[in-house]
Each structure stands twice: as structure tokens, then as C-alpha cells.
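Here is a short briefing on selected helices, strands and sheets. Please keep the structure open while reading.

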Amino acid sequence: MSYKLRGTNVIAIELLTDDSNFNLEDIKKFILEKRQLLKGSRFILSVENYKLSMEEVEDLCSYFVTLDGITFCGFKTNLRENRELCIRLGVPCDLSSMELEKIKERAETEEVKFIKKTLRSGDKITSTGDIVIMGDVNPGAEVEAGGNVYVMGNLMGFVRAGIGKSECEVRSLYFQAPLVEVCGRQVSFERNESYTNFKIAVKNGKIKIDYKTGRN
Amino acid sequence: MADKVICVTSGKGGVGKSTVTANVATALAMKGYKVVAIDADIGLRNLDLVLGLENRIVYDIVHVIEGVVPPEKALVRDKRTKNLYLLPAAQTKDKSAVKPEDLVNIVEDLRDKFDFIFIDSPAGIEEGFKTAVTPADTIIVVANPEMASIRDADRVVGLCDVMQKPEPKLVINRIDPKKVARGDMLDVDDVLQVLSLDLLGVVPEDKNMVSYINRGEPAVLFEDSIAGRELRNIADRLLGKEIPIPKLTYSEGFLEKLKRLFGSE
């Protein structure tokens, strides 16, 4: 039986299983096969919708302890029962859906700022969430947002969007800025480059730039 | 009558604040209005030179603030243009010698006695700038058609907004129609696109301006000066007259056409 490993997560390598393919012996065999790959890393077992029993958890935990060089960090599951069981046994367990709930919570507490003027050189606007600007952002002005930035005018200043996030977008009717920072990644543009209906977005770790026409 | 106390500022230095102040004040005085120009650039005074009054200064603004003389006694009267007076800045002190409330007091003293009070602001956005802007009813921002000057002017406009002053009016100074036609210089629309202010005037580059300043004779005194003509228009617009901003025109001379034909610059 073969399982999928997800290693893009910088925190730990995740072994993906679910109720269709969960089998104790197969998992152990698979880990043994991939031992070289997992060595030195932290390891998470994701069981999605499979309902774990107490014996299985204890069995797996005692097995992971015997593995040399692999640090077992706990389970990941969609089911609340699994989490409660793990907590009872003192094994770390994260609820996948809880992460989504957390993101949603954060989105609700974030503010959305409306700026009804042109930002002039030296002005600085910050927001934990999105910012909508009904005017221009002139050269020398700064906008910092935890979320997205929308400019209903000419964007010529510096925008830093999606601070601490993995996804965000910046849109403006006209764009003529030398530099934009999206999700901590800087994108620079040539002098005298200008666009209409400009959009720069980060999605799935990729930066996508979209515009209708260049003005010059 | 339009607003009385007019502050001329720019943020960046060397764009022509003192020149615009001196010329517009002179133009208004020539029309019979009683005008005083206050030099608020303490420590780096220039306005007296542009007006040609440097050899007649006895008392300055710091003497007035210290109570040595009343404001009327420190005023220097222009012999050439009646009705024009200058309150010079101190050259030996620095900007901290004048506080915003001091200038407000001086302006209030002079308000009833004059038709127009011009304040020539220092460059920068620090104390001196704030002092100069505080008593003003109207602010004129002078900008050259270049990005550095525009960005500084933009910053000044933002600060005026913070100080709850009315939106400044814009004077674009030293625009060269030849360079604009060649695409080497920003044109009026480019400047307005960033600053989006009411345009009070566009003063073209004038090669004689340096000699006017060195001689201490404002350009508005000369009928044939191209900059002087537009500076007189600015004075008229301040009086509320509707004068359209002239279009910048440039026609290539015969020699330039010939040069272009042979591909040399």
C-alpha cells in the first residue's frame, strides 16, 4: 500500500491517510521504506476522516518512539472525537477544520478601511485588513495592509499588502508604481511603465500580474 | 476681495518661491494695492535681494518680535514701486527665533493696514514652514516640472491638509516649452495628474530671470519679459479675474529644423 507524503509544509512532513486506506501495518511499512527521507525531520500523521481507536493511537505512538531520527509531532484529523481521544492519551492532535475556523475568526476581526481622499507624499495608511482608497496614491505615500488593497485611482506610491498572509491582491484603475510588496515578496516595475485595470495577486504561492492595457 | 494673507511655499528649495513672491507682490503693488512681503526664511534671507532692497534694511522681523521696534518701523518701503513694503528676515538668527504665534501677531498687526500680505516660506517642512503657513488664508505651492519638486510639493499639500488649511493653489515655475515639446520635461498635465490642485499659473523659463534677480529688479517691471507677463497674470487671478492659462507653444526655428534634418542634436 502506498501513501502520499506532503512535505511542502516547512513545519513538518505530513503523511496523508484517510478512512479508505488507513491500515496500521501498511503505514508502518511505508514509514520504514521512506525512513531515509523522513530522517531528521518532524513528522505528522494526517488521518482525515478515519476514526482512530485507543489501541491504534497507543500502537502508533509506541512504534514512532522506536524510530530513530524522526520526531513525531502528533496527529491531524477532521474529527473532533479523534482530537478528544488524543488529548485524553496525552498525544498532540490538531483539528484540520479548526485551522479554517481560526482563519475565519481572524477575517471577522480585521477592519476594512475606506479612505475617501488622495494620499499625498508622506501620508501613511495602515490597516489589519483590507484598504479601499477612493482617490490616488501619490509618489512617496505608503499603504500597509494585512489584507488586500484596492485603489480607485492612480497608484503611484508604495503598497505593502498581505502582511503575514500567504494570499492577497492589489488592484488599481491606473498603475504607475516602481515597487509593490505582496505577501512579503517585492515586485518591481520599470520606470515609465503604466497600466490600466491593474491587478497583482498572490495565490498558491505564485504571483500573478494582470492588466488591461499599458497607457504609454 | 480675495483672501489677504498669502503664503508662498514649495517644500523643495530653489524652485522660485522668493521670485514668485517678489514678482506677484510687485505686480499687485503696481496695480495700486498696498502690499507687504514678509520674508519668513530666517537665517537665509533672499527676498530683499530679489526686490533690490538689501542696502536699506535696518530692522528685521526678529527685532519686531523682541519688541525693539513696532512692525511699521521695520518695514522697508520700495522706492521704485510705491505701496510695496518688505519685512525682512534676520540673517544672524535661525528659524527657531520666530514662533508661529509671533508671526500670527505680526500679521494681525498689519492686516488692517494692507490689502495683501505675502509670506515667503523657507524650504523644508519643519518649524519654519509651519510658522510661515500658520497665519495664511491662502497658500500658493510653487513646483517645477520635475519629479523631485512635485513629490515635495505633494508632501506640503498633505501637511497643509493636516493643518486644516484650504487646498493650496499651484504655480508651475520654470517650464521650458522647448524641452516639453522634445519630451524631456514633464508637461502641465503630468504635474496636475499627481498634484490635482487648482492651477494659478504656469511661468515659463526665462533666460533673463537670473539677471533680473542679480540686479534686484522683479521681472514684472519689464513689459517684454515672458515670465513677467505670466507673473502679472497670476496677480490678476489672485484678484479674482478670469484669465485663461495660455497654452505652451513652441515652434522649431529654421536652424533646429536643419539640425534635425541632418540628424544632429
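A residue counts as buried when its relative accessible area is under 20%, and as exposed when that area is over 50%. By that cut-off, both faces of strand β1 of chain B are covered. The model is predicted.

**Strand β1 of chain B**
- In a regular strand the side chains alternate between the two faces of the sheet.
- On one side of β1(B), B:Val5, B:Cys7 and B:Thr9 are buried.
- β1(B) runs parallel to strand β5 (residues 116-120) of chain B, and 4 bridges join the two. Here B:Ile6 stands opposite B:Phe118.
- β1(B) also pairs with strand β6 (residues 138-143) of chain B, again in the parallel sense and over 4 bridges. In β6(B), B:Thr138 stands opposite B:Ile6.

**Helix packing in chain B**
- Two packed helices are described by the angle between their axes and the distance between the axes.
- Helix α7 (residues 147-162) and helix α9 (residues 188-195) of chain B pack at an angle of about 35°. Their axes are 10 Å apart.
- The crossing of α7(B) and α9(B) is right-handed.
- From α7(B), B:Ile150, B:Ala153 and B:Asp154 make the contact. From α9(B), the contact residues are B:Val191, B:Val194 and B:Leu195.
- This set divides into 5 nonpolar, no polar and 1 charged.

**Helix α4 of chain A**
- Which residues of α4(A) are buried? In this helix (residues 80-89), they are A:Asn82, A:Leu85 and A:Cys86.
- Viewed down the axis of α4(A), the buried residues fall within an arc of 95°, so they line one face of the helix.
- An α-helix has 3.6 residues a turn, so residues three or four places apart point the same way.
- A:Ile87 and A:Arg88 are exposed, on the face of α4(A) turned away from its buried side.

**The six-stranded sheet of chain A**
- This open sheet has 6 strands in the order β6-β8-β10-β12-β15-β16, with mixed pairing.
- β6 (113-115) and β16 (206-210) of chain A stand at the edges. Each has a single partner strand, so one side of each is left without a neighbour in the sheet.
- On average, neighbouring strands of this sheet are turned by 15° against each other, direction ignored.
- Strands β8 (residues 131-133) and β10 (residues 149-155) of chain A run parallel, joined by 3 bridges. A:Val132 stands opposite A:Tyr150 in β10(A).

Methods
Residues are numbered from 1 along each chain as its sequence is written. Chains are lettered from A and ligands numbered from 1 in the order in which they are written. This is a predicted model: local features need pLDDT of at least 70, side-chain atom pairs count only at pLDDT 80 or more; totals for chains, interfaces and linings use all residues. Side-chain values use heavy atoms; hydrogens and water are left out. Axes are lines fitted to C-alpha atoms, for helices over the stretch in contact, and angles run from 0 to 180 degrees between N-to-C directions. A crossing is left-handed if the near helix is turned anticlockwise from the far one by less than a right angle, and right-handed if clockwise. Contact means heavy atoms within 4.5 Å. Ala, Val, Leu, Ile, Met, Phe, Trp, Tyr, Cys and Pro count as nonpolar, Asp, Glu, Lys and Arg as charged, and the others, Gly among them, as polar. Buried means under 20% relative accessible area, exposed over 50%, partly exposed in between (1.4 Å probe, protein chains only). The arc is that of the directions from the helix axis to the C-beta atoms. Two strands pair if DSSP finds at least two bridges between them.
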